[in-house]
Amino acid sequence: MAKRKKNEVLVLGIEATAHTFGVSVLKGKKVLSNERKLFMTEQGGMVPARVADHHVEFCDKVFLAAIKKAKISLWDIDLIAFSNSPGIGHSLRIGAVFSRSLALLLGKPLIPVNHCIAHLEIGRMMTPVDDPVLLYASGANTQVIAFESGKYRVFGETLDIGVGNFLDSFGRALGLGFPAGPKIEELACKGKNLISLPYTVKGMDVSFGGLLTNLKAKIKSGEYSTEDLCLSVQEHVFAMLVEVTERALAHTGKKQVILGGGVACNKRLQEMSRVMCGERGAKSYCPANEFLVDNAAMIAWAGLLKYSAGDKGLLENTGIDPYERTDSVEILYR
Ligand code: AMP
Ligand code: MG
């Protein structure tokens, strides 16, 4: 393994922190494959035990598809990385057992990766950003993160649920299935009237719980069109996120924003971030959707960074941590 240069190392990445089971093969920075299977429903949300069943059912298929697409032999892999934190315990355990079994079988190092940090690192790898503020807007996580003094610090975050979970809960109340975000975006495009909604920014933090209660009452009243509600939700919620991101730019003096997380696939959020950055002489970047949603390529890449900085990939260090904080992880490669 040590024989290969960093840009030649074959890394297998495994993602299973929540709804997605993903497997990717990277050759250095080159993505040879990035396969995934997303837990979905027609109605209702994400029940952890059902998500775990989904991952058990599909893990082998996703894995074999990734190996086949990368056109490598299993035995060519130099290094395995998996997301061990943070996330839903049920999902994390499937990923951990799968990854450890594979590392034992192949006799290769296994690097544990913090999922939130992986979102930021793939953004740095895929776009020209170097030292950005990350607006990480995903299902379970909503954080504004930037690098300071050896760690990725959280400058602002949700005080209750993640923005994606909020959108999915709002969508569930409207009878949309999971994930609801893309459907809300479609419906919002047809909205005409902006409805005034609660806007909750507290210092650097945001909160969605009260807004969700307010929306459920509005849906029940039958007074508003679904399209207008979707439009208004997007306008309010994305303005909240962009406001705290702007404050983090002002505080840190940084000049770049990178978007991450599934909610960042939303074109309106991307536009609002671009406009905000434009107005203050900064620039907003966004990787392709494939690398915004939960994906295993980002895990492989973040694993390679850790490995290059001396992580030995010992099995005894590969426990899961559903609650690991972004700012508790020492970053040795920056
Ligand atoms: P992640 O956990 O990062 O994979 O992101 C999943 C979340 O992103 C789910 O809550 C989805 O509803 C949400 N999502 C995906 N696409 C969009 C979109 N176009 N607009 C808003 N939310 C989205
Ligand atoms: Mg994520």
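**View 1. Helix H4 is mostly covered in this predicted model**. Eight of the eleven residues of helix H4 (residues 163-173) are buried, where buried means under 20% relative accessible area, exposed over 50% and partly exposed in between, with a 1.4 Å probe and protein chains only; helices (H or I, at least four residues) and strands (E, at least two) are DSSP runs numbered from the N terminus. The buried residues are Val163, Gly164, Phe166, Leu167, Asp168, Ser169, Phe170 and Gly171, and they pack against S6, S7, helix H5 (181-189), helix H6 (209-221) and helix H7 (226-252), contact being heavy atoms within 4.5 Å. Glycine 175, which follows H4, has a positive phi near 85°.

**View 2. Ligand 1 and the residues around it**. Among the 18 residues around ligand 1, those that come nearest are Ser138, Asp168, Gly181, Glu185 and Gly262, a residue being near a molecule or strand if one of its heavy atoms lies within 4 Å of it. H4 and H5 each supply at least two residues of this shell. The side chain of aspartate 168, a residue that is buried within H4, has an N or O atom 2.6 Å from an oxygen atom of ligand 1. A polar backbone atom of glycine 262 is 2.8 Å from a ligand oxygen atom, and for a polar backbone atom of valine 263 the distance to a ligand oxygen atom is 3.4 Å. Taken alone, ligand 1 exposes 500 Å², of which the protein buries 93%, with accessible areas from the Shrake-Rupley method and a 1.4 Å probe.

**View 3. The open five-stranded sheet**. The strand order is S8-S7-S6-S11-S12, with mixed pairing, two strands being paired if DSSP finds at least two bridges between them. Strand S8 (151-157) and strand S12 (283-285) form the edges, each pairing on one side only, and the twist averages 25° from one strand to the next. Strand S11 (residues 256-260) runs parallel to S12 and is joined to it by three bridges; isoleucine 258 has tyrosine 285 of S12 as its bridge partner.

**View 4. Helices H3 and H8 lie across strands of the sheet**. Helix H3 (residues 115-126) lies across strand S6 (133-137), strand S7 (142-148), S8 and S11, at about 125° to S6. Helix H8 (residues 267-279) lies across S6, S11 and S12 and runs at about 170° to S11. Axes are lines fitted to C-alpha atoms, for helices over the stretch in contact, and angles run from 0 to 180 degrees between N-to-C directions.

**Notes.** Residues are numbered from 1 along each chain as its sequence is written, while chains are lettered from A and ligands numbered from 1 in the order in which they are written. In this predicted model local features need pLDDT of at least 70 and side-chain atom pairs count only at pLDDT 80 or more, whereas totals for chains, interfaces and linings use all residues, and side-chain values use heavy atoms, with hydrogens and water left out.

Key: A polar contact is a pair of N or O atoms within 3.5 Å; within protein, one must be able to donate a hydrogen and the other to accept it, and residues adjacent in sequence count only if both atoms are side-chain atoms.
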